[in-house]
Amino acid sequence: MITSSKAAKIIPNVVLVILTLLCVIPLLLLLMASITDEQTLTMNGYSFFPAKFSAASYQYIFKASQTVFRAYGVTFFVTIIGTACNVLMTVLLAYPLARPGLPARNVIAFLVFFTMLFNGGLVPTYIMYSQVFHIRDTIFALLIPTFLMSPFNVILMRNYFKTNIPDAIIEAAKLDGASELKTLIEVVLPMSTPIIGTVGLMAGLAYWNDWTNGLYYIVKRTDLYSIQNVLTNMLNNIQFLKSSAQQLQGVNLEMGAIPSVGVRMAIAVVAVIPVMVVYPFIQKSFVKGIVIGGVKG
Amino acid sequence: MAKQAPANALKTAPKKQGGFAKWLPLYVLMIPGLAYLVINNYLPMFGLTFAFKKINYNVGVFNSPWCGLDNFGFLFKTKDAFIIFRNTICYNLVFILLGNVLAIVIAIMLEQIRTKALKVYQTCILIPYLLSITVVSYLAFAFLSTDNGFINNSILAPLGVEPISWYSTPKYWPFILVFINLWKGFGYSSILYFATLIGVDGSYYEAAVIDGASTWQQIKYVTLPCLKTTIITLVIMAIGRMFYSDFGLFYQVPMNNGMLFDVTNTIDTYVYRGLLQLNDVGRSSAAGFLQSLLGFTLVMITNVITRKVDPDSALF
């Protein structure tokens, strides 16, 4: 720890308090906007201390809006199933790669690593998924592309197994007649909860926050939109209506098609809530995950 | 990352016995993961050849005729080519420089705090990292919206300044995008550097203090050298991503606004618009091809140089 004078110790605290506020305050504005009375919003704009409160936006979401409920369900489904498959596939690939003596082990590990250095990019990926596998407008579009398994996490987990699970333990289990799968489930996995937690957290967050798969592959079936897709779609519609309103002056636009300002903010709040509710409980392992993941394995 | 592997292989090679059958169950376990890598990662690599085809969805991608370098010709005839490469590279340079400097400064500050407040700071500065770019674009909209935005209504209006039409004025966006990128990412990288710092042996600092080192000298001669490997690793990884941009940041946050393309169009947004909005697959695939190839080349070059200068910090 750096030794410094008393006065110099105040500076870090001051700076960090400011940064902390800077991180939290925008979310507060979002929350306030969602509980501000619609008229007040239109007159005074978004404010931290609205003149008049109203719960109308949330009432609208909970009573009237099928879209939000559906999208919420889709997002939960995709996050849970996707994360489960992700963790399973990562474990199943990482474990054999960590076993000494497996023929072609280093070749396969290299093939996993190589995908982090070189990739085909959006055009071939999109053409393949839409023209060859036909996953457009199906739930698989939200589950499969990009997020089902991360090569980075495979290497992370393999390194964890290699350094934390002694070969002797695995050999002992096999001498007792345990099969490979049984050894993995009963011996290796119980010793690996930190890394499994980390990989699960990263995958879960990625699925919950993803909006690109929906943007690329969900074209007609808007009932398959995730909550993030509903959000982007609304914001883009407003922008579109505004720019066409400027071009076609005097044309009466059906503004009923898009929810009011307050409702939009309320939906954004609803999209953030699960992350913010879970975060305090997993904060420790999340920080640990960043550290494991960031420092070279 | 794969560095220890050869040593291990040598150690265990003589034990090999029992033949292939012994290992078969382990290979079976790997099938789902490897199949996914083939589909999601390797097949698209071969798809890079689409950049040399005139794609026609009516006859199918595979039956589309080859067209040599035409797509690249089309791409470089437009002024977009220059703009997207300039934007992608310049934003990345600024992000890498400012992002790392900021993160190191904050990590050093975090390290000086030994009270319970440390946990609060750590928790809060990671919040932006957890938000989806969609929610970030809503936050930006709440501040920048011309009619209702916080900045126009609650900051500029009381000062008597005319409202600014943020979403149609390109000159502000380089600053807005850099700010948002730093805001979203600084917590993550600060924690990374912080993790390296708490591992530093306290006796280094004690020795420095006995020699009469000031706070600044302690940072310069103890802290920064200890961070060197982490800095190099993070910078190489970032340089390897030099031709890639955060699609959401450049597409969704400026709300895909045409008036801002000059300063918000990057390779990723260009490829997306060409492929899915403008039906201009040719230019799009040419830009994507260059992105993949140049990105790969850059990682290899950076890694070779690092291995020469400082072998411990090289990625592979």
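1. Which residues in helix 3 of chain B meet helix 15 of chain B, and which residues of helix 15 do they meet? In this predicted model, N71(B), F72(B), F74(B) and L75(B) of helix 3 meet G282(B), R283(B), S285(B), A286(B) and A287(B) of helix 15. By class, the residues of this contact are five nonpolar, three polar and one charged. Helix 3 of chain B spans residues 70-77, and its axis lies 8 Å from that of helix 15, at an angle of about 90°. The two helices are therefore roughly perpendicular to each other.

2. Helix 15 of chain B (residues 281-309) also packs on helix 11 of chain B (residues 215-240), with the axes 8 Å apart and at an angle of about 155°. An angle over 145 degrees counts as roughly antiparallel, so helix 11 and helix 15 of chain B are roughly antiparallel to each other. Helix 11 contributes I232(B), I236(B), I239(B) and G240(B) to the contact, while helix 15 contributes G295(B), L298(B), V299(B), T302(B), N303(B) and T306(B). Five of the contact residues are nonpolar, five are polar and none is charged.

3. On the interface between the chains: 88 residues of chain A are in contact with 86 residues of chain B. Helix 1 of chain A (residues 6-34) supplies the largest share of the chain A side, with 14 residues. That side of chain A divides into 58 nonpolar, 26 polar and four charged residues.

4. The largest nonpolar core has 136 residues. Those with the most contacts inside this core are I267(A), A268(A) and Y138(B). Setting aside neighbours within four places in sequence, A268(A) is in contact with L30(A) and L231(A), and also with V135(B) and Y138(B).

5. L275(B) belongs to helix 14 of chain B (residues 267-277). L275(B) counts as buried because it has 22 C-beta neighbours inside 10 Å. Not counting residues up to four places away in sequence, L275(B) touches L122(A), V123(A) and Y126(A), together with V281(B) and S284(B). L275(B) and S285(B) are 10 residues apart in sequence, and their C-alpha atoms are 7.9 Å apart in space. S285(B) is also one of the residues of helix 15 that helix 3 of chain B meets.

6. In helix 5 of chain B (residues 117-125), the residues Y121(B), Q122(B) and I125(B) are buried. These residues cover an arc of only 95° around the axis, which puts them on the same side of helix 5 of chain B. An α-helix has 3.6 residues a turn, so residues three or four places apart point the same way.

7. Chain A has 14 helices and zero strands. Of its 297 residues, 42% count as buried. Among contacts in chain A between residues at least 6 apart in sequence, 72% join residues at least 24 apart.

8. Most residues other than glycine have a negative phi. A104(A), however, has a positive phi, near 65°, and T146(A) has a positive phi near 70°. A104(A) sits in the loop between helix 4 (66-98) and helix 5 (105-117) of chain A, and T146(A) in the loop between helix 7 (140-143) and helix 8 (151-164) of chain A. A104(A) counts as exposed because it has 11 C-beta neighbours inside 10 Å. T146(A), with 15 such neighbours inside 10 Å, counts as partly exposed.

Technical notes
Residues numbered from 1 in each chain as written. Chains lettered and ligands numbered in written order. Predicted model: local features only at pLDDT ≥ 70, side-chain atom pairs only at ≥ 80, totals over all residues. Axes fitted to C-alpha atoms, helices over the stretch in contact; angles between N-to-C directions. Helix = DSSP H or I, 4+ residues; strand = E, 2+ residues; numbered from the N terminus. Parallel < 35°, antiparallel > 145°, perpendicular 65-115°, else oblique. Contact = placed C-beta atoms within 7 Å. Nonpolar A, V, L, I, M, F, W, Y, C, P; charged D, E, K, R; others polar. Buried ≥ 20, exposed ≤ 12 C-beta atoms within 10 Å, placed from the backbone. Arc of directions from axis to C-beta. Core = buried A, V, L, I, M, F, W, Y, C linked by C-beta atoms within 7 Å.
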